[in-house]
Amino acid sequence: MGDISQERQTKAVYRPLVAFDFDGTLTSRDSFVAFLRWRFGDRAFAGGLLGLAPAVARYGLDRDRGRLKAAATRRFLAGMPRAELEAWAQTFASEQGRSLLRPDALRAWRRWQSDGARLVIVTASPETIVAPIARGLGADALLGTRLAFDAAGRVTGGLEGENCRGPEKVRRLRAAFGDDVRLEAAYGDTDGDREMLALAEEQGMKVFNGTGRSVPR
């Protein structure tokens with residue numbers, strides 16, 4: 001979905017651009033954690049978390065989420081071929097994707113979609129993991145954290161670029177849609193979404209509660 005994100009806003013046919021955070025906004029929980037637990041099982045996942053104790057301790061000092069995410073990627077995924085990871089992500093989406101999504105957030109997504117808006121998911125979770133769900137939703141673009149792969153196409157355990165959070169979300173939106181990008185609406189749930197929401201006419205912070213009740217679009 002990376003190629004889709006190169007589209008630029010155009011004055012020819014106006015289609016509003018609407019951005020959704022993924023984890024905690026469209027979904028009820030962290031999708032990367034959910035993927036790792038699903039892929040490796042509760043026992044192996046718990047063991048992997050124990051092995052991450054030094055990285056978690058370091059995070060307590062530097063608050064570097066990207067460094068912590070890279071450490072988790074190394075622990076669980078290092079050496080996995082890209083094609084295998086993509087296949088696992090597709091299976092995860094098929095088996096677990098629907099249960100991750102908040103009904104009220106999905107309804108808001110569908111309303112904007114029916115209005116002809118361009119919908120972009122902007123997430124700190126790895127693009128590779130989120131991509132099948134994004135495709136299933138009919139997203140026009142996906143901007144997420146990019147995992148690094150070596151020359152043989154295997155996960156290195158590092159990140160390609162920055163963790164897609166905070167100011168990085170704005171940088172990625174501008175790279176994809178132009179420096180003057182404006183959002184008709186944006187939805188998020190943490191401080192890491194505030195810079196993105198500042199680009200929007202309609203700013204939805206924590207407006208979805210995971211129920212079937214109506215919420216602002």
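**Notebook: helices, strands and ring pairs**

I looked up helix H6 and recorded its buried residues as Asp104, Ala105, Leu106, Ala108, Trp109 and Trp112. I take buried to mean under 20% relative accessible area, exposed over 50% and partly exposed in between, with a 1.4 Å probe and protein chains only. Helices (H or I, at least four residues) and strands (E, at least two) are DSSP runs, numbered from the N terminus.

The model is predicted: local features need pLDDT of at least 70, side-chain atom pairs count only at pLDDT 80 or more, and totals for chains, interfaces and linings use all residues. Residues are numbered from 1 along each chain as its sequence is written, and side-chain values use heavy atoms, with hydrogens and water left out.

**Helix H6, continued**

After H6 I noted Gly116, with a positive phi near 90 degrees.

**Aromatic pairs**

I found ten aromatic pairs in the structure. Rings of Phe, Tyr and Trp (its six-membered ring) pair if their centres lie within 6.5 Å; planes under 30 degrees apart count as stacked, over 60 as edge-to-face and the rest as tilted. For Trp38 and Phe92 I recorded ring centres 5.4 Å apart and planes at 55 degrees, so this pair is tilted. The pair links distant parts of the chain, with Trp38 in helix H2 (residues 31-51) and Phe92 in helix H5 (residues 82-100), 54 residues apart. Trp38 is partly exposed at 22% relative accessible area, whereas Phe92 is buried at 2%. I also recorded a cluster in which ring pairs link Phe20, Trp109, Tyr187 and Phe208.

**Arg39 over two rings**

A charge sits over a ring if NZ of Lys or CZ of Arg is within 6 Å of the ring centre and within 35 degrees of the ring normal. I found Arg39 over the face of Phe40, at 4.8 Å from the ring centre. The charged end of Arg39 also sits over the ring of Trp88, 4.1 Å from its centre.

**Ser31**

I located Ser31 in helix H2 and noted that Ser31 is buried, at 1% relative accessible area. Leaving aside neighbours within four places in sequence, I listed its contacts (heavy atoms within 4.5 Å). They are Phe22, Asp23, Phe92, Leu100, Ser125, Ile129 and Val130.

Strand E3 (residues 141-145) is mostly covered, with five of its five residues buried. One of its residues is Ala141, which I recorded as buried at 1% relative accessibility. Strand E2 (residues 118-126) runs parallel to E3, and five bridges join them; strands pair if DSSP finds at least two bridges between them. Thr123 has Gly144 in E3 as its bridge partner. From E2 the chain passes through helix H7 (residues 127-137) to E3 in a right-handed β-α-β crossover. Right-handed here means that, with the strands pointing away from the viewer, the path from the first strand over the helix to the second runs clockwise.

Most residues other than glycine have a negative phi. I noted Arg63, not a glycine, with a positive phi of about 55 degrees. Arg63 lies in the loop between helix H3 (53-62) and helix H4 (65-77) and is exposed, at 53% relative accessible area. I likewise noted Lys206, with a positive phi near 55 degrees. Lys206 is in the segment after strand E7 (200-205) and counts as exposed at 61% relative accessibility.
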